[in-house]
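Keep the viewer open as you read.

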Amino acid sequence: YAACLGYGGGSILRIEAGTKEIRFFAWGIGVANSLVVSKDATHLWVSDCRSSGRLLRYPLGGTLPARPDAVVTGLDHPSGIAFGKEQSALYAAETYSGNIAHIDIAGEKPQIERVISLKGSFAMGSLDDLAFDPRDAERRFLYVAENMRGIFTVVDLRGRPPRAIKSFHLAQMAGRLCPASMVIHDGYLYFTDVWACSPLRILLGMPRWHNHVYRFRVLDLSSLYTTETRAAAF
């Protein structure tokens, strides 16, 4: 599944893994930005990144185009979204305010709580995707991408209050990286660089006491997708 900001009035495309066939899954969303699929593969959530922003939930496995069966309103330019523990909640990055919102989706009426503001020393109106390391079963450490300044920040959600505990400033000889969408898998953080349209990955370490996180090295994976080989220097 792929979220398309403006195509089809803001849409989600479904790409078949075997045949590579591309179909509209849904359209008319507005500014479709980020999406996540539930662990049981029954629903897909997508963010509508506008001032009167929304999160929309779509059932999977039905007829196309899909129609949302749940909508959360009251968010300001939501971009990245990620499931919390037990998938009873969603976290959403509000792009321009610098807020990370916690949305309780377990009840009939979702409740929104802003758990931390990364505005000021961190955010410049460019919060993008969110992700948890699957090895973090408690969903304690949330990774936040800021595209314009090329930063990943790790937020300790269990802190009292929640706090930013680590920031990675990404740069290479060709210029500053612009991380947008990301996923963490098998100890690597994979992300897309908006400026270069390249996928990259970060090797993540897990300290003994798990009180912070850090990176060892960054690899540019663009050579896997193009005949041009580019080396990243960090």
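With which side chain does the side chain of arginine 114 make a polar contact? The partner is the side chain of glutamate 94, at 2.7 Å; a polar contact is a pair of N or O atoms within 3.5 Å, and within protein one must be able to donate a hydrogen and the other to accept it, while residues adjacent in sequence count only if both atoms are side-chain atoms. This is a predicted model, where local features need pLDDT of at least 70, side-chain atom pairs count only at pLDDT 80 or more, and totals for chains, interfaces and linings use all residues. Residues are numbered from 1 along each chain as its sequence is written, and side-chain values use heavy atoms, with hydrogens and water left out.

**Arginine 114**
- You'll find arginine 114 in strand S11, residues 111-117 (strands are DSSP runs of E, at least two residues, numbered from the N terminus).
- Arginine 114 and glutamate 94 sit 20 residues apart along the chain, with 9.6 Å between their C-alpha atoms.
- A polar atom of the arginine 114 side chain also lies 3.2 Å from the backbone oxygen of glycine 74.

**Arginine 54**
- Arginine 54 belongs to strand S6, residues 53-59.
- A polar atom of its side chain is 2.8 Å from the backbone oxygen of isoleucine 29.

- Most residues other than glycine have a negative phi, and most peptide bonds are trans.
- Lysine 20 isn't a glycine, yet its phi is positive, about 65°.
- Glutamate 86 isn't a glycine either, and has a positive phi of about 65°.
- Leucine 64 and proline 65 are joined by a cis peptide bond, omega about 0°.
- Arginine 160 and proline 161 are joined by a cis peptide bond, with omega about 0°.

Key: Helix = DSSP H or I, 4+ residues; strand = E, 2+ residues; numbered from the N terminus.
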